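Here is a short briefing for a first look at a protein model. Keep the structure open while you read, and find each residue as it comes up.

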Amino acid sequence: MAQEFYIKCPFCSHVYNAGKMIYDRGEDFMQFCPMCMKKYPRKEGEIVSANFPVVK
């Protein structure tokens with residue numbers, strides 16, 4: 001199973017999935033919401049779930 005997490009966009013509240021490779025880039029890595037098309041640092045989004053251990 002691929003490692004992925006689900007993150008909630010702080011602008012539009014859309015929840016979408018992203019791969020662990022993106023998570024590993026750090027909390028300042030810029031996420032891109034596919035719904036509202038805005039970019040934001042991962043630390044501003046809420047991680048809803050993940051199939052790997054998430055460090056807070």
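Which residue in β2 is the bridge partner of Tyr6? The partner is Asn17. This is a predicted model.

- Strands of a sheet pair through backbone hydrogen bonds, in a parallel or an antiparallel way.
- Here, 3 strands make an open sheet, in the order β2-β1-β5, and the pairing is antiparallel.
- β2 (15-19) and β5 (46-50) are the edge strands, and each of them pairs on one side only.
- From one strand to the next, the twist averages 35°.
- Strand β1 covers residues 4-8 and pairs with β2 over 5 bridges, in the antiparallel sense.
- Ile7 is part of strand β1, and Tyr16 in β2 stands opposite Ile7.
- Ile7 is buried, because its relative accessible area is 0% and buried means under 20%.
- Ile7 and Ala50 are 43 residues apart along the chain, yet 8.9 Å separates their C-alpha atoms.
- Side chains alternate along β2. Tyr16 and Ala18 point to one face and are buried.

**The hairpin turn**

- β1 and β2 form a hairpin, with 6 residues between them.
- Most residues other than glycine have a negative phi.
- Ser13 is not a glycine, but its phi is positive, at about 65°.
- Ser13 sits in the loop between β1 and β2. It counts as partly exposed, at 44% relative accessibility.
- Phe11 is in the loop between β1 and β2. Its relative accessibility is 46%, so Phe11 also counts as partly exposed.
- Phe11 and Asp28 lie 17 residues apart in sequence. In space, they are 17 Å apart, C-alpha to C-alpha.

**The cysteines**

- A disulfide is a covalent bond between the sulfur atoms of two cysteines.
- How many disulfides does the model have? The count comes to 0.
- Cys9 is in no disulfide, and the nearest cysteine sulfur, that of Cys36, is 3.8 Å away.
- The cut-off for a disulfide is a sulfur pair within 2.5 Å.
- Is Cys9 buried or exposed? Cys9 is buried, with a relative accessible area of 2%.
- Cys12 counts as partly exposed, at 32% relative accessibility.

- Met37 is in the loop between β3 (30-32) and β4 (39-41).
- Met37 is a residue other than glycine, and its phi is positive, near 65°.
- Met37 is exposed, because its relative accessible area is 59% and exposed means over 50%.

**The largest pocket**

- Rolling a probe the size of a water molecule over the atoms shows where empty space is left.
- The largest pocket holds about 150 Å³ of space.
- Which residues line the largest pocket? They are Tyr23, Glu27, Arg42, Lys43, Gly45, Ile47, Val54, Val55 and Lys56.
- The lining divides into 4 nonpolar, 4 charged and 1 polar residues.

How values were computed. Residues numbered from 1 in each chain as written. Predicted model: local features only at pLDDT ≥ 70, side-chain atom pairs only at ≥ 80, totals over all residues. Heavy atoms only, no water. 1 Å grid on protein atoms, 1.4 Å probe; cavity = no way out; pocket = protein on both sides within 12 Å on 5 of 7 lines; lining within 4 Å. Points joined across faces, edges and corners; volume = space filled by probe spheres on them. Nonpolar A, V, L, I, M, F, W, Y, C, P; charged D, E, K, R; others polar. Pairing = 2+ DSSP bridges. Helix = DSSP H or I, 4+ residues; strand = E, 2+ residues; numbered from the N terminus. Axes fitted to C-alpha atoms, helices over the stretch in contact; angles between N-to-C directions. Buried < 20%, exposed > 50% of the residue type's maximum accessible area, 1.4 Å probe, protein only.
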